[in-house]
Each structure stands twice: as structure tokens, then as C-alpha cells.
Amino acid sequence: MSLLTDFATKNPLLPTTALGVATWLLAIGIALVVRLVYWRPWTSPLRTLRGPDGGTGPAGHYLELLDPEQAPGYFRKWTDAYGQTFNTKGPFGLWDRLWTTDRRALHHILKNTDTWEKPIMLRKTLGRYLRSGLINAEGPRHRLVRRIVNPLFSQSNIRGMMPTFKFKCSELRGIWFERMNQAIAQQDEAKAPKTAVLMDVLDGLNRLSFDIIGLTAFDHAFDALHGIEGKMHPTSWPGEEQVENGSEEPGQRAHIDFDLQSAKARAAAHHRQTQVTHAVQKGHGEGSRIYEAYDRMFDVCVGRTGLRGMLSVMIPGLDKIWPTENSRRVVEGMGYIDNLTERLVKAKKLELVEAEKQGLQDLDGKKGRDLLTLIVKADMAMKPSERMTDLEISGALATFMFAGTDTGSIVMAWCLYHLAGSPSVQNRLREECSAYGENISLEDLDTLPLLDMVVKEVYRLNPSIPTTIREAKKDDIIPLEEPIVLKNGKTVSEVKIRKGQYAYIPIEGLNWSHLFWGDDALEFKPDRWADSKVLASTGLGIDQNVLTFIDGPRKCLGYRMGSIEVKSTLFSLVQQFEFRQPEGIRMYKWNMFTNRPYAWDKRFPEGSNMPLIVRPFQG
Ligand code: HEM
């Protein structure tokens, strides 16, 4: 007591009565609000930049920049009006956010990872799905983990993955063939025979990627492919001449009714918590169960995070007292994934200790370079004080499950979609690939000219991650390649930014910019990559002016592996199947962490999908 009295006597400005304390708290509250709402925005160095009006709602300019339906129009309108670098608004228009496709500026931000980090909110959001993995780590821990996992992506290791890519792809082909044949065989005899099926190609591709990550990264067979869901709907091949009980005119392009009844039934099944049990009853096993929990977890994120999602991140424990469908699915999905990865880590540790005892250097040689083995081995060699916890290791695994599954399968699905809409490119690609048959070396696969151009073009048009963001950890000056005109009419070649402010890394913005790609920037034209001007190095992006894998010390670690997986899948699928876009179904996408495709109107209830007309290649 005497201590308190002593303290109060020495600090006469501190309140000693309840009223005094309340007045103090009120004054502090008002000061914080004034600082947040007036002082910080008013003194923001980005205020001097020109930029669009509005952005005063809860989402700021977020929707204009991230809604795939609106974004391309706004990117063009705003770059035409303000140049490549301008100011946009965060929530309620209170925070300034730099938007730039200026290559020098992006290079500066992406290279200086000590100054520019992922904002804590983004890291926390990602942490719900990735635990404490590489993507949301910063500083020395990030550099250490990145060094440990790097060998997974060496050329020799990727070569070692080729048989897995081929094996899994032939499994997918086998399942598609079998289902297609069944669906075509079961169609109504009374009607004219239909030679193709309408099917969701995304489900199979997602499962393919999931299985590949399981085998290459975790040394674990998920076997999710065998749980492929979704009916195949017999249909006629577009343009195929047929007379069907007078219902279709000869030569009429097939109109596809995407069987709403069964879509609704599937949607209902998708929503039921009991689906996991259902999967087991169908005999899909643990891998399929984990895949389905994972898939539902990411599907529900789509379009449903909003303000409530942000509150979950800002208020720890909120989801426990006020759970939402989203949070329930995350808990369920991550529960399975945590359980599996923790078991795998423990088993791998035991296996390595045993191998060491028996004097084995590298388990059985082939298997020793999966991610799990690499991490556990590196960790065991570290000083005890530096070692990762089991939770950190399983976080690294969850990261790879997330980073390496959706990203690749989304690209594959969009590749098939664009090829389905460009039959002549599809035919040329089939010809190119067929020259090699089933077997192709890594080097040949990587240098097939049209395949390479198709994949590059889809990376450009449909980057799996639409945008990312960085926060300045200290005041910074960003140099510009293209000078900008400020609000006061002055032209400048650099932008001042304050500690704590954000800069968008507009992946789609750069990939779609008419300034770099011309007026046909939004069209699928793989042959543009044959133009030497396009190939001239600009020093930004893994492919020039394409930020799909970003750049700098945080660029995607798996881009080589991802590209070879995508190429090897396309190589195999186009030789065996033909694809066409169905009439009457428009494809959309929704940008969250990744941008998953949706057939319109089925986006929220049914989850992501990519319905295409498919038939075995007729030769
Ligand atoms: C082919 C499709 C892929 C695309 C488009 C893609 C894209 C990206 C992007 C944009 C980032 C940066 C995210 C950010 O900083 O905000 C990233 C990071 C990362 N990606 Fe990929 N990725 C792909 C495939 C893969 C694969 C197959 C793996 C692993 C098996 C992988 C592993 C990673 C990892 C570990 C990081 C974090 C790197 C770091 O922060 O140091 N990615 N990826």
C-alpha cells in the first residue's frame, strides 16, 4: 500500500480516484481514435499519390481489386488514369494501400524481405490452415526452413518424381475411362447414343495433386483418387451430327443441361457433416477422408470469410464461443490434418533413429528425399535448442499440402478449360505430345515448345494465387521505373511509405496489364510466347512480366515441381482425351487464398468445379 501511495506521490498526474481513472481511460480512448481515424490517415505519405475515389465502405477498394468479375476493368481504368502506381484504400477508407505494377518498385519490395514482410493479419489467417509453416514464417526461422526444404526441389529430385507423376496420371485416366464407359453404356437405349460425357474435371485433378504431394512430400499414400465423386453425364459431342428423336437438329451444337438435380443432391451431401463417415462406408479409406475434409475446408472459405472471418483473426477465441460453418469446417479439416501429420512425424523420427542404429545412411535411397525425411533429418542434426517442435514440423507438412495441391490442380483445370475452348491449339498440342507416346524424359517434357507456351499462358491468365500483400516494417523509399504525377502536379520517381503501411503485389494486375501484353491481354493466346519481345528478360518474375510465382527470396519454392507436374499431366491427358467447353455454362472464379473455378450459380452450394465435355480421343 505504501508502495502505491509512494508511486502516486511521485507521479502526480496519475489518477487516484475511480472518476480520475475513467477520465484517463476516456482520454486515452479518444486519443487512439483521433490518431487512427484522423492523424495517421492525414499524415500518410501515400496521401500525396493520386488514386480512385470511394473505398470508404468496410472493404475499402478490396472488391474492385480482387473480385475477378470487376478487377480486370478496374486495373485498366485506374492504370490509364493514374499510371502504374497509385493509392487505394483499405477498410473504411482509413488506411492507404499502395498498388503498383511498376517493375522496379515490385522488384524492390520483393527483394528486401527484411523491410517488407507479410502482414500479421495475413500470417494469422494463413496460420489457421498452415499452422506455423514456411509461408507464414519470417526472418531467420524462414531462412532456416527454406534452406532445409530446398533439396526437395533439386533437378535430380524432380526427376525422381516423374514416375509418381506418370503413375498417378495413368490412375486418373483409368478411373475416367472406366466411369465414362459405364455412363455411356448405361444411357437410355431409346435415345440417340451419346458419345461423350459432361464431367467435373477439377475433382479428379485436385485429388491427383493431393496424392502426388502425399507421395513426394510426406512419403505417404493418400489414395484420394479412388474417392472421385460426381456423376458423368452422357452427352453429344459439340458439332457432332445427330438426330435424336427429332429433339436435336442435325449439326446443332449440343446444349448441355448440367443435371441440376444431381448437382443439388451432391451439394446437400457436400454440406453434411456426416460425409466423412459416408466416405468411409464407401470404402474410400483415410486418404480420401482427409482429402474430403481438406477440400470442404477450402471450399467453405470461398465468399464466406468477409467481416466475420476478419473478426475471427482479430479476436482470439471468438470461433469457440461463436462458431460458424467456416470455423467448424476448419477445425474439422485441420483436426484430421494435424492428427495425420503428427503421426507421420513421430513414425519418421522412429524410422530414422532405427536406421541410424543399423548404420543405414539414407533409409532406402529412393525414399530418403521426401520432404518429411529431409526436415526430420535436418532437425535431428540441429542443436537441441534450435530444433523444431513436432508441431512446427507438422506445420511445414500442412503448408506443403496447401501450397502444392490447389495451386497445381487449378492451373491444370484452367489449362484444360482453355484448350477445350481452342480446339485448334488442343489438336496441335496433341500432335506434339503424341510424337513421344507414353515415355518422355524430364528434359524433353520441359522443352516441348507448345506445351511450354500453353502452360506459360495459363500461368499468366489464371494465376492460382491472385494477389499478395506486404507490410513495411520500417519507413522506406520505393524507386519507380515509370515516374508518376502526384496530386499536386509534381512528377516523382520514388514513393515514400511509412512503417506499417501495405503494398499490394498485384499478381493478376501485372499478368493482365495491357501495358505489357497489349489489348488482347485477357485472351488465351499461347503463341504470343513465341514472340522474342515477350521473352526478353525484364528481371521480374520467373517468366517475364508474370508474377504467378512472385519473385525474390520468397518466390514459390515449388515452381519447378509444380510446372513439371502440370506439364506431365497435360502431356498425358491430351493424348487420351478430347475436351470441349459446354454451352450454357459460364465459368467464374473466386479469389480467396487461391482462385478456385466455379460454374456459376453452383459456386456456394456445390463447391468449386470445372464442368467440361470429355470423350476418349478418337484418333
Ligand atoms: C503450379 C502452381 C503453383 C503456383 C501458382 C504457386 C504460387 C506461389 C506463390 C504466389 C507463392 C508466394 C505467396 C506469398 O508470398 O504470398 C508461393 C509460395 C510458396 N509455394 Fe508455391 N505455387 C505453386 C506450386 C507449388 C508447389 C507444387 C509447392 C510445393 C510442393 C509450392 C510450395 C510453396 C512454398 C513452400 C511457398 C512459400 C515460400 C516462402 O515463403 O519462402 N508451390 N507459391
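**Exercise 1. State how many helices and strands the protein has, and what share of its residues is buried.**

The protein contains 25 helices and 13 strands, where helices (H or I, at least four residues) and strands (E, at least two) are DSSP runs numbered from the N terminus. The model is a predicted one, in which local features need pLDDT of at least 70, side-chain atom pairs count only at pLDDT 80 or more, and totals for chains, interfaces and linings use all residues. Residues are numbered from 1 along each chain as its sequence is written. Of the 619 residues in the protein, 41% are buried, a residue being buried if 20 or more other C-beta atoms, placed from the backbone, lie within 10 Å of its own.

**Exercise 2. Describe the surroundings of strand β12 and its pairing with β11.**

Begin with burial: all five residues of β12 (residues 595-599) are buried, so this strand is largely enclosed by the rest of the structure. Next, look at direction: N595, P597 and A599 point one way, while R596 and Y598 point the other way. Finally, β11 (residues 587-591) runs antiparallel to β12 and is joined to it by five bridges, and P597 is the bridge partner of K589.

**Exercise 3. Find which residues touch the most other members of the largest nonpolar core, and trace the contacts of C415.**

The core has 123 residues, and L397, A413, C415, L416 and L612 touch the most other members. Helix α17 (residues 390-421) gives the most to this core, with 18 residues. Leaving aside neighbours within four places in sequence, C415 is in contact (C-beta atoms, placed from the backbone, within 7 Å) with V454, V455, V458, V566 and L570.

Conventions: Buried ≥ 20, exposed ≤ 12 C-beta atoms within 10 Å, placed from the backbone. Pairing = 2+ DSSP bridges. Core = buried A, V, L, I, M, F, W, Y, C linked by C-beta atoms within 7 Å. Contact = placed C-beta atoms within 7 Å.
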